[in-house]
Structures are given as structure tokens and as C-alpha cells.
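Subject: Structure handover

Hi,

Here is the structure we talked about. Please open it alongside these notes.

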Amino acid sequence: MLKRLASYLKGYGGYAIASPLLVVLETACELVLPLLMARIINQGIEGNNMTVIWQSGALMVAVALVATVVGGYAARCATFAAQGLGANLRRAEFEQIASFSFADIDRFSSSSLITRLTNDLTNIQNVAIMCLRVLIRGVAMTAASVVLTLAISPRLALVVCVVLPFMAAALGLLMKVCFPLFEKMQKALDHLNETVQENLVAVRVVKSYVRQDHEREKFKDANDGFTAAGLNAVLRMVAIQPVMMICFSVATVLVLYNGGNMVLGGELDIGYLQTVTGYIMQILMSAMMIGMAVLQYTRAQASIRRVFEVLDAESAITGGGADRLPAPRGRVEFQDVSFRYQTDGAGEDVLHHIGLTVEPGQFVAIVGGTGTGKSSLVNLIPRFYDVHRGKVLVDGLDVRDYPLDALRSRIGMVLQNNVLFSGTIRENLLWGNENATQEELVQAAKDAQAYDFIMSFPEGFDTYLEQGGVNVSGGQKQRLCIARAMVRKPAILILDDSTSAVDSATEGRIRQSFRENLKGTTVIIIAQRISSVQYADKIVVLDEGTVADVGSHDQLIARSPIYREIYDSQQEGGSGNG
Amino acid sequence: MAENKAPRGPKGGPGPHGPHGGPRGGFGKPKDLRRTALRTMGYILNRPALLLASLVCVVVSALLGVAATYLQKPIIDSISLAFKSGQTQLPSLLTSCLQLIGIYLLAAACSYVQANLMAQLAQKGCNRLRRELFDKLQQLPLSFFDAHTHGELMSRFTNDADNVQMALEQSVVSLISSVITFVGVVVMMVSLSPMLFLASLVMLGCVTAVFLVFGKRSRKFYARQQAALGAVNGNIQEMIEGLKVVKAFNHEEQAKTQFNSLNEEYRAAASEAGFYSSAIMPVASNLTNIGYAVTAVLGGILAMGGGGAAGFTLGSLVIYLQYNRQVTQPVNQISMQMTSLLSAMAGAERIFAVMDAQPEPDRGQVTLVPVEKDANGSLSKFSGQGRPKSWAWKVPRTCALSLVPVLVGADEALTELGQADEENGALKLLPPGTDSKTGLWVRVGADGTLTPLTLAEMAAHGWAWKYPGPDGRMGLHLIRGAVRNVPGEEFCYTELRGAVRLSRVDFSYVEGKPVLKEMSVYADPGQKIAFVGSTGAGKTTVTNLINRFYEIQGGVITCDGIDVRDIAKDSLRLSQGAVLQDTHLFTGTVMENIRYGRLDATDEDCIRAAKTANADGFIRRLPEGYHTMLTGDGTNLSQGQRQLLSIARAAVKDPPIMVLDEATSSIDTRTEQHIQQGMDALMEGRTVFVIAHRLSTVRNADCIVVIEHGQIMEKGSHAQLMEEQGRYYQLYTGQFELD
């Protein structure tokens, strides 16, 4: 996993290599200081030699100066490497997601993809910094301290080596105990947050059912659960510092006692006593740091896995490579099409053996109840999803043979869940066609019955839309989305239930302008209202994933029981009682 | 310290994640540090003994830490002395070492006790803080929730409460401990050698300067980094949410280009900010090392020859050098803790701001109580057996409403009746409820003249509430149900029927932008009133006023003749049910979700309600039927199914007044037809307010109110409105004959 992460250091590899080297150098400098200090004591003070003191002192200052600069650079390199890694990874992930098919997006869900690109990446970046600085420094420090102590006195090194495993065991045990407790605490926290979130989202329901006390109880349980889990973990975790303190003190005192006796026995120079206690301090701090770094890495593993999951997802849909593309005319043909969302065998077909032909320039409407497969059907035309069986042909060529952008640029699609992007109205309309002229934008806006309200804004086409288009009404949003699709001048225009928030009169005018201005364009609409579909050249009635009937309004009224039922349900106000 | 404001989005407005783009919920200075700090401390002050014990432990463990270092001096000195005098044994070494270890153990014990106690205090204090915050949220009016995003309120519970907890658990103690350690170490250093301390002071100055300079730069770059992060994350959110549109328009390349430039901007800003914050530690610690070297030389010279006159021995030098290292730690700690303490206080201030927000006004004294109603229509106390069938408004005689007998004339014109006494040949009206000596009843004319009543009139009298309207003038409001008015009882009772009247109601969400103007709508018990109009015309607003989600600015709304402001809010809302456009379900089983409508409903009640709403069929087909768990607002159900559940939930509540706001909008017309029976059953015998996009669903209403721009354009039955050929006619026919 680490190796793979490292491959995303491209462009920042120099920093990634330099940083640990510099850290090791800095560590070496820091560890030389107590040795020089020992020289001052042993030869200077105890040996009454002023020159040694001055020399050693000057050397210490020089070493410390070098360490300052090196340390600063090490930090710089570590940060640059980690941020570079984050940026590369984020970019790779974004580009991967951009290539996802609709099925991939559905599988991961938008909100999960967002978390994977934001929180998860931040976690990974933090871990990278941790590893590059803290972990390497800790390991280098511990190793060098042990080696140097060994060089000074094997007997004192033995003392260190007795305390070290004990300390590691104590730390390890604490972490082993605490880690699952922290996970429990996190779960309790998630539950707490979920409770609050639910309460906030449903505040109207809570108030209108007067359930405040009920909600308070729920929250109290979640809150108490969180506190109990938190205390459980924290009360154990706070033992770490005292335990470390005890380890340190035991080691220090052992060194003082043993070392003192060695000094008296002439086996050790007195100056090394403080050197070794200094090293013990360093080892201890390093051990804590290593522990923290490992903990953070363990926690981030989930994030790393989740990011790699995205990167590893094979996009199911890639463009075809047809050499010659037919001229765009707007003919659509479904040949015995079956479709399912899950292709891994578990899914059930949502469309069964659909056969349907839409001629260029036709106005075709699709009706049917919720969940009968209307959206699924039209989503196959721009190849948002792939068919399970059968073929979808656009202008006579299988959609799977088109390069994706060539296919989709023939189609103007207004999706059911419409999205506008932050930016001006003009910028949003230009999504349809970057090179559209102002006249074309105006025409599209007029056709979509959006021109009047656009011009009623003080800044007209330059009105800034907030994210998600929250500053326009639902109906206005839908009309802007229609205009955006029309700017494209597509051969095929598909509207998936995209006038539901537009009032009937305006909708009628939109339909009128389709008829007048989009003569050569194939229009396929999905609609709930009979009024929206009754003048279509062809009405397709879907029922449970099959084509129940195709015909004109009058034909269907005469022969399709489903169509007549839909019609009746909109003619009569309910079942007539009241 | 922290000069920066919370990072804002590129357009100057709130960032893409609201004002909390930052990972720690933004930082900023608390406005009134002293007050906030005191109030926060209040949450751990309820157990003063524990707090005191903890503080004693902090002080003791800090002082012991300083002392432990000092104890090494005699050890080293005695070794040095013994070595020079040629001794090979030092019996006192073991004792000194044992002393030292004793002190360390004591310090460790104190530190553990302290951390343990503080963790308990902080966790329990924060538990209370969150609970009080949540309790408060339950009391706040909807206008508060309109003004604050969910994310913003969520971060009160997550980031802000977290920061407060951290601060209480660690920062406070750490601050105290640092100050004591710092003072203790400085005292020891000065007493060891004032001259060396001067050298240390210079070093300390340098280190502090590094902290200040780097800290300031780091904060400056951090603000820039957070803004860049906000921009990247905002872009991610927008593009991923709109990814299907991006793909439909082949916009992938443009999206990548835009993202890459934002990503690169963030990387550059974050690298810069990260450099300063991560370089602080190595640079400062190595500067300390330079100080260490300088002190080593000076101290070495001082200690040469056994310490000379100043008594500065080898042991002094060794421990001085240790102190020299220790003294920068508190400085570092204090600067770190101050930052987190300030951001915690800023968080606490935001929490307190919510806690101090005005709760929903509720001065209502009228409450809803179960009653028994006998065959004669008289009301008596609920026996407490079974489910109450009848409900009544319980009105204290002391409140502003007075119950008066009235004569009901044509068009429900009301004439007040009262008892009167003859005084000096003129009639004098007695206050309601007071008996006249002569038993004389009079009727009060519009001009105040009193006319004695006939017996026939007496027998036909009804009841009304009398209270001042918004203009201060007394008004009479007819009571349609049974009345219990027993002299001597502190309360009178009137039957809950569900008559709702809006009279000349003015309302605006934001001052100066009226949403409803002089709106008057009358609904008699059992009537179905439909609101029709374009989006934003004010249809939903009307229903939000009936249950008093918002306060009206003018006019009056009555329920069974009682001003809704006089009814306790909980009681008012218990009398009403609602199925709203946006359905919200809760984590729990299907059964629990239906039972949310009435907590004491039995399983059978819930299933019956589900059958009423035509939800029983699909529920039974769920993997575990009524015991299927719903998670995340019922995302495992279709929109239509969720709507059916919310209809069942309303059905189980069984209120006399029902609001259906686009309740069937996400159900297709054919399915709607199938659940129509359920809907009709739900509406049967209730006062219903219905808002529907589809005109076909409102056709059979008793009264259709066409609203445009907050005003009533026309109202009447379907037939009347069609005849008038006005706005409704246009809308209705528009659906079928557009060309």
C-alpha cells in the first residue's frame, strides 16, 4: 500500500528523498551535542582545560546552526512532498471519477465520492507528513541513541535495553486496549451526529408531531452513550503520560546509580552520565512519536483503501472506435433491449425486450407510472448505461461503436435531477455549446420560455447563479436547463420529466416553440401530465419495463387501458367523492 | 493571537461549505473572552471538590518535576567529589537514587489523577453542554432554522463542542502546569546562576521570537490555505453532485482543467503554510541547542575548579543545562494551548449564541385534554380508560378569554348576552360568570344598549369566546362544539372540532417583504380547503401559520374560536396533522416510523393506519415487513413509498385538522388514483387544508382558494370558479386545452 502511495510522489520525489536524509542528518547533529558536552565536562571542567571548553563550545554552536538550517529544510521538503502527493492523488482521483459511467457513480454514490476526495485525502496527506518527518525521525533517533550509548558504555546500554522493551510493551498494550475503544467512541459519535442531523432535517415533523421530548430522550441516550464510550477510552489513554514518566525515571535513576558506581570504579568518565540520561529522554520521546505515527497510519488505512477503491474501479463504459460516423439525423432505434442496473448477476432486468424506433424529427412521448423504466430507457440513448442484451442504434450505428463525446454531442439531455453550476447564466448556457453566439443563447432562452425572466434580473444573462442554482425558482431552473440543452442544437433532444415545476401554460408555450423551431430535431419527452404528451407524434406507454402500447393519443385512449387510466386520473378530481 | 477571520469563499459570501470550510470549524477570536470563559468553566464547576483536587495535582506534579531535576545535583556532585577523593564506594548514592525515583513516582501519580479527574469533568461537562444545546434547539422557532444551515448547526455539536471538550480536558490544565513549570524553572535557574540565566534569557527571547514570527506567518498562510481548500472542496462537491450533467454535456475536460488549477493553487498555499507550521519545531529546538552550547561554555568556565566562589558545581551545570532545555517547553506549550483555547472559546461562544437565542414564543394557557362526551353532548372528565374519543380545549377562567352566551343570527352574526342588574332605573351589565340578583338576562346591542331577553331567545342561545383582537377591540368568536361551563370550576371546556379561521392575516418571513397580505380564509369543521397558485405564491406559508410555525404580524388566526396565540403550542400542534412535500423519516423500523404519529399507538393501530394510506401492501413486501429498518431518512425506499409512510404516520395521529402539502406530488397519477381511497379516508370528517400541484386533486374541495403574490385572487367551489372563468378557469383548462 505504501509503495503504491509512493508512486503518486511523481514530480515531488526529490523532496520525498531529501526529507528523510535531512532528518537523519539533523538527528545526528542533535545527538552529537551531548557527546561534545561530555567532552567539556570530562576534559574541560574535570581536566581543568579552558581550551577544550572553548573548542567544544564553538563546535556545538556550529553543529546546532547546521541542525537549524537542516531541520528547517527537512520540514520544507516533507511538507512539499506530502502536499505534492496529496495534489497528485486528488488529481488522479478526480480524473478517474470524471471518467466514471453513470453505473459507477450510482455504485459509489455522490456523497461517498465527495468524502473520498476531501476527508480521505486530507487524512492521507496528514499521514504522509507524519511518516516523512515524525516516523523517520523517531526511528533514526532511537537507533542512533542506542548505538551511541553502546559506544559509551555497553553496561549502560544494557540498562537502556532493559527499559526499552518494557516501555514498548506498555505503550503497545495501551494502544491495543485503547484503539478498539476509540473505534467504539467514533461509532458512538457517528450515532450522536446522526441523531442531531435527523432532528435538524426533520424539524418540521418533530414540531408538528410535538415530539420534542421524544427527541430529547433519543439525544440523551446517544449523548450519554458517547460520553460513556469517550470516558472508557480516554480514562485509559491518560495513563500513557504517567507510564512514560515512570519509564523515564526508572531508566534515568538506573543510569545514575549504575553509572555513578562505574565512575567511582574508574570505568566511566563522569561527563557521560548526562549524555546517556539525555539519550534516554530522546528515546522516550521518539517512542511516543512512533506510536502516534503508527496510530495515525492505522486510522488512515481505511482512507487509503477507500481512495484506491476509486482509482481501481474499471470504468465500465469506454468509447467505441468507429472510423466513419453517420451524419447526425436523429434516428433512434431500440432492438430487443433488456437492461439491468447491476450487472454482477444479482440484478433483475428493469427493461425487458424493448423494440422501438424513433424517426428523425419525430416528437415522441413516454408515459407510465413511477418505476416502470422510463428514465432507464432514455438513459440508454446517450449510453449513460450499457444495455444488458440487445442494441441501441443512433442514426443506424450501435451506440457502443461511437466515441463517447461524438455520441453525446448529438444529444441534448435534460435530466430529471437537474443541476446548474455556480457561475453566470451565460456561462451555464454555454455548457451546451462553448462557441454559441449571443443570438443563439437568446434564441434558446426564448424557446425555453426563459428569456423573459432572465431579462427581469437586473444583470440579465450575467446574473450570477449560486451553487446548485438556489437563487432561482424550481421552474426557472428547469427552463434554464432546457435552454442549456437547446443551445447545443442537438439532433436528439431528450427531456426526462423536466417540466414538472413549470406551470401548464408555460409548458404549453415551450412545446409550441419546439414544434415551430425544432422541426428537424427528434424530441423524446418523459412526462406525467397527459396534457404534455397528447399532441406527440407517438406515445409510448411503458408498464413494468415493457412497452405496453405505442400510438397516438386517440388510438391509445381507444385501446390502452393503462393510458386511459392515467388520462382518467387526471380528468377527474380523485374518485369523485368529497 | 489569531487575527484571521473564518475563511470565506471566492465570491466574498459564505464559503462553499457555509462558513465552516475549515477542518476544525474555522477559527477566530471570541468576542467576549472573559464572559465566555467563565460560562464555560461553569460546566466543570458543579463538582468543585474534584476540580480542586485536580488543580492541586497539577501544581504538585509540576513542582515535583522541577524538584526531581534539582535532586540530580547532589548526586552528581557527590559522585564527582567522591571520585576526586579516590573513594570507590558511595553509600549515599542508593538512598539518593531511591529518593529521586520516589519523587518521580509521586509526580506520575499526581499527573495520572489529574488527567483522570479532568477527563471526567470535561466529558461530563460537555455532555451537559451538548444536552442543553439540543434541548434548546427543540425550543427554537422555525425562523431560526431557516436562518442557519444544518451544516452550521451540526458543527456546533461536532467541531465546537469537541474543541470545548479538548480545551477543558487538556488546555486549561496544560496552561496552568506550563505557567508553574516555567516560573519554577526560572526560579531554579536564577538561583543556580543569575549570570548564566542572562545568557538563557537571550536564547529564550530568540525562541519566543521564532514562535511569534513563524506563528504569525503560518496563520497568515493558513488562512490562505483554508480559502484554497474551501475552493477545491466546493468545486469537488459541485462537480461530483452534477457529474451526470457534466457527462451529458461532454464537459469532463473543462471540469478537469478547472479542478487542476484549483488543486494546484491549494497545493502551493498548503505547502507554504505547512512549511511555516512544521518548521517551527525543528528551528526552535535547534535554536535552543545553540543556547545550550553557549550555556555549556559559560557554565563550564564557571564550574571549572570545583565551582569557585559562586558554588556553581558540576552538578549545578548538569541540572542547569536540563532546566535550560525544559524552560522552552512551557513557552511552546503556552503558545500552542492559547491557540486551541481561543478557538475553543470562539466555539463556545457560538454554542452560547444558540443557547441564548429567543425560544418560540408560547404564552398560551389553553391546553388540549381528553374528555368524555355523553349522548346529550355534555362534556365530563376523561375516565382514563381506553383511548379518548373526544378532546376539548381546557381554558382557565383567569386568562384573557371569557366565555359568553350569544345569540346566533343570520350569517352567524353574534349578539352577546349577559346578566344585568337594575340600578337607578337603568340596566347594568354584569361581568361574565356573575349572577344577577334578579336573574335578568339581556342582550348587548352593537352600540352597547341592553335589551332584556325573551324565554325563547334564552333557550336558543349559543356560546362564544370574547377577547380583544389585534386592534384592541373586543371581538366575539362562535364556539361550534359542546361547552362545559360549570360555575365554581377553575376551567371551562369547549369541544375540539377543528374550525380554523384566518382573518386579515399579514405575514412576512423577512421584515419589509410581505408574503401574505390581508389573507382571510374560513374553514368550518370537516371542510376541505384547497390552495392553488404558482410556486412562491404563499400556499405553504398559510399552512405554516395555522400550526404557528411562524408568528403573524397582523390579523388573527383562530382555532375553534380561540386565538391560536392563546393555545399552548404543543396542544395546538397535537390537534393538527401534516403530510408535507419533503418527507422525513427517522432511523428505526417502519413500525416505529408510523408510531411516531402517536407514541401510544399499538401495532394494530399502526397497521390499520398503513392500510388506510395504502402502504400496507408495499410494507409487507419489504424484506422484514413492518420490522424493516429504515436508515438515512429512508433512502432505501422510493420517494412514493416514503410519502405513503408519512401519510400513514399522519393517519395514526388521527387529528381533527389535517394539512396535506403536495402530499401526493411524488406519486404518479395512476398510483395516486389507487391510494385515493386511503386519502379520502384520511380526510373524512376532518378539516383539511390541501395544497396540490395537480388541479385534479383539489377539484372536490369545499372551497378552492387561488393565491397569487400573497393575496387571494378568487375563492369558491370548483363549479363556481369554473363559471367565473377567472384565473382558476385558465389554470384548469390550460391543462387540457392549451392551443
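Helices (H or I, at least four residues) and strands (E, at least two) are DSSP runs, numbered from the N terminus. This is a predicted model: local features need pLDDT of at least 70, side-chain atom pairs count only at pLDDT 80 or more, and totals for chains, interfaces and linings use all residues. Residues are numbered from 1 along each chain as its sequence is written, while chains are lettered from A and ligands numbered from 1 in the order in which they are written.

Chain B first. It has 20 helices and 25 strands. Its radius of gyration, taken over C-alpha atoms, is 38 Å. Along the principal axes, its C-alpha atoms fill a box of roughly 130 × 80 × 50 Å. Of the 739 residues, 49% are buried (20 or more other C-beta atoms within 10 Å of the residue's own, C-beta atoms being placed from the backbone).

Next, the contact between the chains. Two residues are in contact if their C-beta atoms, placed from the backbone, lie within 7 Å. Chain A gives 132 residues and chain B gives 131. On the chain A side, helix 3 (residues 50-98) supplies the largest share, 27 residues. That side divides into 61 nonpolar, 49 polar and 22 charged residues. Here Ala, Val, Leu, Ile, Met, Phe, Trp, Tyr, Cys and Pro count as nonpolar, Asp, Glu, Lys and Arg as charged, and the others, Gly among them, as polar.

Now chain A itself. An automatic or database domain assignment gives domain 1 (1-153 + 298-314), domain 2 (154-267) and domain 3 (332-571). The C-alpha centres of domains 1 and 3 of chain A lie 53 Å apart.

Chain A also has an open sheet of six strands, in the order 6-9-10-3-11-12, with mixed pairing. Strands pair if DSSP finds at least two bridges between them. Strand 6 (411-414) and strand 12 (546-551) of chain A are at the edges with a single partner strand each, so one side of each has no neighbour in the sheet. The twist averages 15 degrees from one strand to the next. Angles run from 0 to 180 degrees between N-to-C directions, with axes fitted to C-alpha atoms, for helices over the stretch in contact.

Which way do strands 3 and 11 of chain A pair? Strand 3 (residues 363-367) and strand 11 (residues 538-543) are parallel, over four bridges. Val367(A) has Val541(A) as its bridge partner in strand 11.

Best wishes

Note on methods: Rg over C-alpha atoms; globule rule 2.2 N^0.38 Å. Buried ≥ 20, exposed ≤ 12 C-beta atoms within 10 Å, placed from the backbone.
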